[in-house]
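Work through these exercises with the model open. Try each task before you read its solution.

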Amino acid sequence: MKSKNYRKFLLLWLGELISGIGGGLTSFGLGVYVFNLTGSATAMTAVTLLAFLPTFILSVPAGVLADKFDRRIMMMIGDGFSALGIIYILVCIQMSDISIYKICIGVAVSSVFSALLEPSYRASVTDILSADEYSKASGMVNLAGSARYLISPLIAGFLLTVYDIRLLLIIDICTFFITVLCTGVVRKGLDKKSDFNEEPFFTALKFGWKAITEKRGIIVLIFVSSLITFYMGVFQVLAEPLILSFSDSKTLGIGETICACGMLASGIILGIRGIKKKFVTTLILSLAFAGVFMSIFAIKENIYIICAAGFMFFAMLPFANNCLDYLVRINISDELQGRAWGLISFISQMGYVAAYAVSGILADYIGEEFGIGVGRGSAAVILVSGFLLVITSALLIPMKSVRILQNKPSFSNQ
């Protein structure tokens with residue numbers, strides 16, 4: 001019975017939690033290091049972009065590979081070899097031969113191998129657990145994913161007061177190998193594939209595409225996922241200029257931590273209780289409240305209102321993501337999970353690309369056109385985005401194609 005494998009899932013989850021914290025240390029440390037090295041926000045953006053794009057672009061082929069080969073092996077390769085990029089950056093710093101383009105090379109190499117991880121990890125959750133355990137597991141997966149924003153900045157900020165970025169990079173490198181060890185132990189305790197999936201790459205991709213498009217409800221949910229990442233991207237990009245327009249960087253750091261704690265609180269609740277029923281209703285309500293709190297966040301230049309609204313905005317997102325994850329997962333057969341999640345990840349993360357591309361431009365334009373400054377221009381974009389998120393949730397109410405996804409198909413894991 002898959003229910004007996006929950007301990008294996010916990011070990012796999014622990015490895016990814018540790019890896020996420022390590023990645024967050026590097027991300028935070030490199031951001032501070034690059035800014036101190038160049039004094040340029042553009043340089044910071046370039047590093048962030050190159051850390052994101054390879055994983056985004058390669059998510060689809062990585063999903064196909066997750067179905068063709070042993071998923072735990074793919075995770076071990078992705079985690080283990082992604083350390084190479086970080087090692088390269090560390091060596092360059094140690095030899096006093098560091099530059100922005102070398103940092104970009106390092107983060108890009110690490111991101112290429114990290115692309116193998118997510119679809120294999122998500123598909124492995126399906127391999128290990130029963131359908132009734134998905135919801136509870138999804139809450140824990142979201143919690144691990146948010147650790148890099150909750151735990152890592154606090155640890156990194158402290159460590160940088162006693163040493164420099166090299167310590168953060170060394171810790172991150174060590175976490176890669178801990179994760180590989182955890183994954184190896186889990187793999188040893190599971191039944192191995194008797195043979196590999198030998199179907200051609202594009203044939204496999206075709207079946208993955210069919211898996212996510214044969215049901216209209218799944219298409220709708222993927223579109224909703226893209227909208228969620230878009231709104232999160234808008235929030236991430238514009239919250240900083242909004243707060244800095246009337247306050248300082250210390251207040252910004254505290255505010256961001258408080259807001260991100262909303263994900264932590266919801267992740268803990270979902271990890272303990274999960275969601276048992278009424279997934280579509282929960283999805284609609286969580287999106288609606290997220291939109292309301294997103295708009296409240298931008299209404300007034302008051303840090304207490306901003307922190308409270310930001311906390312509640314992020315607290316709603318894990319409930320929405322949990323429902324989206326569950327409804328999609330139980331409607332895709334096990335053997336198609338890897339390629340399906342690769343495609344889903346690619347499509348949904350287009351929201352981030354769109355947000356990064358347009359939100360700053362819109363905020364600057366509104367601020368200049370109406371003479372209100374970039375801070376209130378950012379607030380206007382966030383406020384409108386929150387209103388649109390409420391409308392998005394309302395449009396889901398009459399959609400029967402989404403509601404029927406709650407009925408478990410015969411191939412879902414019992």
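This is a predicted model: local features need pLDDT of at least 70, side-chain atom pairs count only at pLDDT 80 or more; totals for chains, interfaces and linings use all residues.

**Exercise 1.** Determine how helix 12 is oriented relative to helix 13, and describe their contact.

*Solution.* 
- Step 1. Locate the helices: helix 12 covers residues 279-297, and helix 13 covers residues 303-329.
- Step 2. Read the geometry. The two pack at about 155 degrees, and their axes are 8 Å apart.
- Step 3. Apply the cut-off: angles over 145 degrees count as roughly antiparallel. Helix 12 is therefore roughly antiparallel to helix 13.
- Step 4. Sort the contact residues: 23 are nonpolar, four are polar and none is charged.
- Step 5. Assign the hand. Helix 12 and helix 13 make a left-handed crossing.

**Exercise 2.** Helix 16 packs with helix 15 and also crosses helix 12. Classify each pair.

*Solution.* 
- Step 1. Start with helix 15 (residues 350-369) and helix 16 (residues 373-396). Their packing angle is about 120 degrees, with the axes 7 Å apart.
- Step 2. Check the ranges. Roughly perpendicular runs from 65 to 115 degrees, and roughly antiparallel needs over 145. Helix 15 and helix 16 are therefore oblique.
- Step 3. Turn to helix 12 and helix 16. Their axes come within 7 Å and cross at roughly 165 degrees. This pair is therefore roughly antiparallel.
- Step 4. Here the crossing of helix 12 past helix 16 is left-handed.

**Exercise 3.** Which helix gives the most residues to the nonpolar surface patch?

*Solution.* 
- Step 1. List the patch: Ile73, Ile77, Phe81, Leu84, Ile87, Tyr88, Val91, Met95, Tyr101, Ile105 and Val109. Together they have about 930 Å² of accessible area.
- Step 2. Find the contributing helices. Helix 3 (71-94) and helix 4 (100-114) each supply at least two residues.
- Step 3. Conclude. Helix 3 gives the most, with seven residues.

Technical notes
Residues are numbered from 1 along each chain as its sequence is written. Side-chain values use heavy atoms; hydrogens and water are left out. Axes are lines fitted to C-alpha atoms, for helices over the stretch in contact, and angles run from 0 to 180 degrees between N-to-C directions. Helices (H or I, at least four residues) and strands (E, at least two) are DSSP runs, numbered from the N terminus. Angles under 35 degrees count as roughly parallel, over 145 as roughly antiparallel, 65 to 115 as roughly perpendicular and the rest as oblique. A crossing is left-handed if the near helix is turned anticlockwise from the far one by less than a right angle, and right-handed if clockwise. Ala, Val, Leu, Ile, Met, Phe, Trp, Tyr, Cys and Pro count as nonpolar, Asp, Glu, Lys and Arg as charged, and the others, Gly among them, as polar. Patches are made of residues with over 30% relative accessible area and no salt bridge: like charges are joined within 9 Å, nonpolar side chains (Val, Leu, Ile, Met, Phe, Trp, Tyr) within 5 Å. Accessible areas come from the Shrake-Rupley method with a 1.4 Å probe; for residues, only the protein chains shown count as cover. A salt bridge is a side-chain nitrogen of Lys or Arg within 4 Å of a carboxyl oxygen of Asp or Glu.
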